[in-house]
Amino acid sequence: MSSIPKPVRTHDACPPAGPYSQAIKANGLVFVSGQIPADKNGNIITGTIEEETEAVFANLAAVLKASNSSFNKVVKVNVFLSDMANFARMNSVYEKYFSGHKPARSCVAVKELPKSVNVEIECTALEDNTPGKHTGIAAEEEG
């Protein structure tokens, strides 16, 4: 386990919209930056809040996989909504990804999100350090 922070970049998720990494791995933890509903080319996906939340989870899955982690290793989630009226509908998608394992979570409504999207989700997970268990994903470490 390295104490040196390692940025992670995968081409299977929305690219960063600014000067930050999709995730940072440090001391066995994976800190995934906020993911928005955008495709791997950065094009915003619009639709219902359910469709937008599914797109966010697709990005989270790709970044977690590239970081040698997964949803069952997530310990904390922060959800940002443009309108708390979308909470129940976002939650109906969220619970599909955390049906058994339920990480700690915060959910807040904010005045505005990047690129005027309706949902952004970030998380912290444990890296899977099981010997011989590596994802084999062609993710590149920045730097």
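**Figure 1. The side chain of S67 meets the backbone of V63 in the predicted model.** In this predicted model, a polar atom of the S67 side chain lies 2.8 Å from the backbone oxygen of V63. S67 is located in the loop between α1 and β4. Is S67 buried or exposed? With a relative accessible area of 0%, S67 is buried. Its surroundings include residues from elsewhere in the sequence: when neighbours within four places are left aside, S67 is in contact with V8, A23, K25, V30 and E127.

**Figure 2. The chain as a whole provides the setting for the close-up views.** The secondary structure comprises 2 helices and 7 strands. Along the sequence these elements follow the pattern β-β-β-α-β-α-β-β-β. The chain has 143 residues, of which 40% are buried. Among the contacts in the chain with a separation of 6 or more, 71% are between residues 24 or more positions apart.

**Figure 3. N59 is a buried residue of helix α1.** N59 lies in helix α1. Its relative accessible area is 4%, and N59 is therefore counted as buried, the limit being under 20%. What does the side chain of N59 reach? The side chain of N59 reaches the backbone oxygen of A38, at 2.9 Å. Not counting residues up to four places away in sequence, N59 touches A13, C14, Q35, I36 and A38.

**Figure 4. Aromatic rings pair around F57.** A pair of aromatic rings is described by two values, the distance of the centres and the angle of the planes. The structure holds 7 aromatic pairs. In the pair formed by F57 and F71, the ring centres are 5.6 Å apart and the planes stand at 55°, so the pair is classed as tilted. This pair links distant parts of the chain, 14 residues apart: F57 belongs to helix α1 (residues 49-66), whereas F71 belongs to the loop between α1 and β4 (74-81). F57 is counted as buried at 1% relative accessibility, and F71 is buried with a relative accessible area of 15%. A further pair joins F57 to F98, with ring centres 6.2 Å apart and planes at 65°, so this pair is edge-to-face. F57 and F98 are both buried.

**Figure 5. The ring cluster includes Y94, which has R105 over its face.** Which residues do ring pairs link into a cluster? The cluster consists of F57, F71, Y94, Y97 and F98. R105 lies over the face of Y94, 4.3 Å from the ring centre.

Figure 6. In α2, the residues M90, V93 and Y94 are buried. These residues cover an arc of only 105° around the axis, which puts them on the same side of α2. An α-helix has 3.6 residues a turn, so residues three or four places apart point the same way. The buried residues of α2 pack against α1, β4, β5 and β6. The face turned away from the buried side carries the exposed residues A88 and K96.

**Figure 7. Strand β6 pairs with both β3 and β4****.** Of the 8 residues of β6, 6 are buried, so the strand is largely enclosed by the rest of the structure. How many bridges join strand β3 to β6? Strand β3 (residues 29-35) is joined to β6 by 5 bridges, and the two strands run antiparallel. V32 stands opposite C123 in β6. Strands β4 and β6 also pair in the antiparallel sense, over 7 bridges. The bridge partner of F80 in β6 is E120.

**Figure 8. K111 is an exposed loop residue.** K111 is found in the loop between β5 (104-109) and β6 (119-126). At 84% relative accessibility, K111 counts as exposed, because the limit for this class is over 50%. From C-alpha to C-alpha, K111 and F80 are 9.8 Å apart in space, although 31 residues separate them in sequence.

Conventions:
Residues numbered from 1 in each chain as written. Predicted model: local features only at pLDDT ≥ 70, side-chain atom pairs only at ≥ 80, totals over all residues. Heavy atoms only, no water. Helix = DSSP H or I, 4+ residues; strand = E, 2+ residues; numbered from the N terminus. Buried < 20%, exposed > 50% of the residue type's maximum accessible area, 1.4 Å probe, protein only. Phe/Tyr/Trp six-rings, centres within 6.5 Å; stacked < 30°, edge-to-face > 60°. Lys NZ or Arg CZ within 6 Å of the ring centre and 35° of its normal. Polar contact = N/O pair within 3.5 Å; in protein donor to acceptor, adjacent residues only side chain to side chain. Contact = heavy atoms within 4.5 Å. Pairing = 2+ DSSP bridges. Arc of directions from axis to C-beta.
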